[in-house]
Amino acid sequence: MLFIGDDWAEAHHDLELVDEAGTVLARRRLPEGIEGIAALHGLVGDHLGVQDEPDRVVVGIETDRGPWVQALIAAGYTVYAINPLQVARYRERHGTAGAKSDPGDAHVLAEIVRLDRAHHRPVAGDSGLAEHIKVAARAHQTMIWTRQRNTNTMRSMLREYYPAALVAFGDLACRDALAVLAAAPTPQQGAALTPARIQRLLARAGRQRNVAARAEQIATALRGQQLPTRPEVVDAYAASLSALVAVTAEMVRQIAALEEQVKAGFGRHPDAEIYLSQPGLGPILAARVLAEFGDDPHRYPDARARKNYSGMSPITKASGTRRVVLARHARNRRLADALYLQAFAALSTSPGARAFYDRHRDRGATHHQALRTLANRLVGILHGCLTHGTSYNEATAWPTQEAIAA
């Protein structure tokens with residue numbers, strides 16, 4: 001066996017090769033890209049027997065994504081993606097002074113896969129379509145988060161010089177708000193807008209219903225009394241707001257384009273029907289769940305493993321007579337967020353999910369605790385459906401009402 005610790009950076013990789021006894025065979029710094037991966041293969045060839053298979057090479061690295069990792073997997077190496085927090089804790093075993101270096105981290109990674117690989121999972125062999133969905137779903141979600149940060153900045157700015165706009169628009173990322181604020185970025189311009197002018201702006205932005213009534217509401221709000229700000233800074237605020245409005249408007253368009261990309265990729269996946277049959281999952285949320293779980297059928301040996309990875313199963317801390325059950329904070333946050341939203345949506349679509357939630361609330365659980373418990377249960381149901389290739393069935397997924405009451 002040959003063990004490789006790979007401490008990666010944007011432009012290079014620090015590598016350490018060790019054998020089964022822990023003897024250091026080589027240390028190298030290789031460039032990122034084709035030249036670097038070719039040099040790595042040459043280095044492996046120098047220390048691996050001619051008759052040995054590539055799967056006798058085990059690599060530890062702190063990421064599971066990117067062309068470099070895919071090249072390692074394609075070569076037949078067994079790749080372990082080690083959480084950076086685990087690497088930091090393991091580093092403390094090699095020294096107490098707190099020193100850190102890239103070659104040192106490569107050594108730590110090599111030792112982890114040599115000695116403790118049984119406690120870690122190899123990088124899953126997800127399909128190319130699952131990777132496609134993952135990239136698109138993450139880009140879509142990241143764009144939504146960025147849009148929210150932009151609108152929060154806009155809200156803070158408007159509060160300082162244009163509070164009437166906050167009265168007119170609850171959602172600053174909606175098409176009505178972006179159209180009107182682009183045309184009237186100052187309080188004076190907003191107050192000067194006539195209902196007819198606002199109607200044209202709303203119609204151009206795509207509104208088709210209640211145009212006149214909505215235009216009248218906006219005009220009334222923009223003409224409302226407000227505390228004025230210093231005239232010298234209004235133009236600066238207006239320029240800043242116009243820039244944010246333009247960026248946010250483009251984000252809204254790109255989010256819609258990415259949404260179609262996510263739906264198209266997810267619709268082609270063979271497990272799409274199973275995911276969509278689950279309560280609380282629509283095309284976008286289901287695509288996020290599939291993307292984060294992956295589709296390697298051997299990644300999760302049982303439902304418990306899938307629940308633990310989801311972050312919905314609790315952890316127990318016990319010492320002496322003290323025992324505490326806590327929420328799991330070390331988790332895939334994108335997946336946990338999606339499953340939490342699924343559980344909330346399932347309350348109104350699944351009688352079984354609603355009864356399960358109510359039972360835990362009656363036992364004294366808070367809303368968030370009950371939702372996490374429900375999400376954990378839904379993950380188990382999903383695992384069963386995927387394992388057996390069957391769609392969700394409300395009648396068999398939940399115990400009878402008599403069992404719930406008991």
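1. A word on burial before anything else: a residue is called buried under 20% relative accessible area, exposed over 50%, and partly exposed in between, using a 1.4 Å probe and protein chains only. Glu160 comes out at 40% relative accessibility, so Glu160 counts as partly exposed. Glu160 is found in helix α5; helices here (H or I, at least four residues) and strands (E, at least two) are DSSP runs, numbered from the N terminus.

2. Some ground rules. This is a predicted model, where local features need pLDDT of at least 70 and side-chain atom pairs count only at pLDDT 80 or more, while totals for chains, interfaces and linings use all residues. Residues are numbered from 1 along each chain as its sequence is written, and side-chain values use heavy atoms, with hydrogens and water left out.

3. Back to Glu160. Setting aside neighbours within four places in sequence, Glu160 is in contact (heavy atoms within 4.5 Å) with Thr229 and Tyr237. Glu160 and Thr229 are 69 residues apart along the chain, yet their C-alpha atoms are separated by 7.6 Å. Tyr237 also turns up in a cluster with Tyr161 and Tyr162, linked by ring pairs. For that, rings of Phe, Tyr and Trp (its six-membered ring) pair if their centres lie within 6.5 Å; planes under 30 degrees apart count as stacked, over 60 as edge-to-face and the rest as tilted.

4. The axes of α5 (residues 128-161) and α11 (residues 231-267) come within 8 Å and cross at roughly 160 degrees. Axes are lines fitted to C-alpha atoms, for helices over the stretch in contact, and angles run from 0 to 180 degrees between N-to-C directions. α5 and α11 are therefore roughly antiparallel, given that angles under 35 degrees count as roughly parallel, over 145 as roughly antiparallel, 65 to 115 as roughly perpendicular and the rest as oblique. The α5 and α11 crossing is left-handed, meaning the near helix is turned anticlockwise from the far one by less than a right angle (clockwise would be right-handed). The contact of α5 with α11 has 24 nonpolar, 11 polar and 3 charged residues. In that tally Ala, Val, Leu, Ile, Met, Phe, Trp, Tyr, Cys and Pro are nonpolar, Asp, Glu, Lys and Arg are charged, and the others, Gly among them, are polar.

5. The crossing of α16 and α17 is right-handed. On the α16 side the residues are Ala353, Phe356, Tyr357, His360 and Arg361, which meet His367, Ala370, Leu371, Thr373, Leu374 and Arg377 of α17. By class, that contact has 6 nonpolar, 3 polar and 2 charged residues.

6. Next, α13 and α15 (residues 333-346). They pack at an angle of about 140 degrees with axes 9 Å apart, and the crossing is left-handed. Leu285, Arg288, Val289, Glu292 and Phe293 of α13 meet Arg334, Leu335, Ala338, Leu339, Leu341 and Gln342 of α15. The residues of this contact divide into 7 nonpolar, 1 polar and 3 charged.

7. On aromatics, a search of the whole structure finds 6 pairs. One of them is Phe293 with Tyr309, tilted, at 6.4 Å centre to centre and 45 degrees between the planes. Phe293 is in α13 (residues 283-293) and Tyr309 in α14 (residues 303-310), 16 residues apart. Phe293 has 0% relative accessibility, so Phe293 counts as buried. Phe356 and Trp398 also form a tilted pair, 5.6 Å centre to centre with 50 degrees between the planes. Phe356 lies in α16 and Trp398 in the loop between α18 (394-397) and α19 (401-405), so this pair ties together parts 42 residues apart in sequence. Phe356 and Trp398 are both buried.

8. Ser391 lies in the loop between α17 and α18 and, at 33% relative accessibility, counts as partly exposed. Ser391 and Glu273 are 118 residues apart in sequence but 7.2 Å apart in space, C-alpha to C-alpha. Not counting residues up to four places away in sequence, Ser391 touches Glu273, Ser277 and Cys385. Asn210, in the loop between α9 and α10 (211-222), has a phi near 55 degrees, a positive value in a residue other than glycine. Most residues other than glycine have a negative phi. Asn210 is exposed, with a relative accessible area of 57%.
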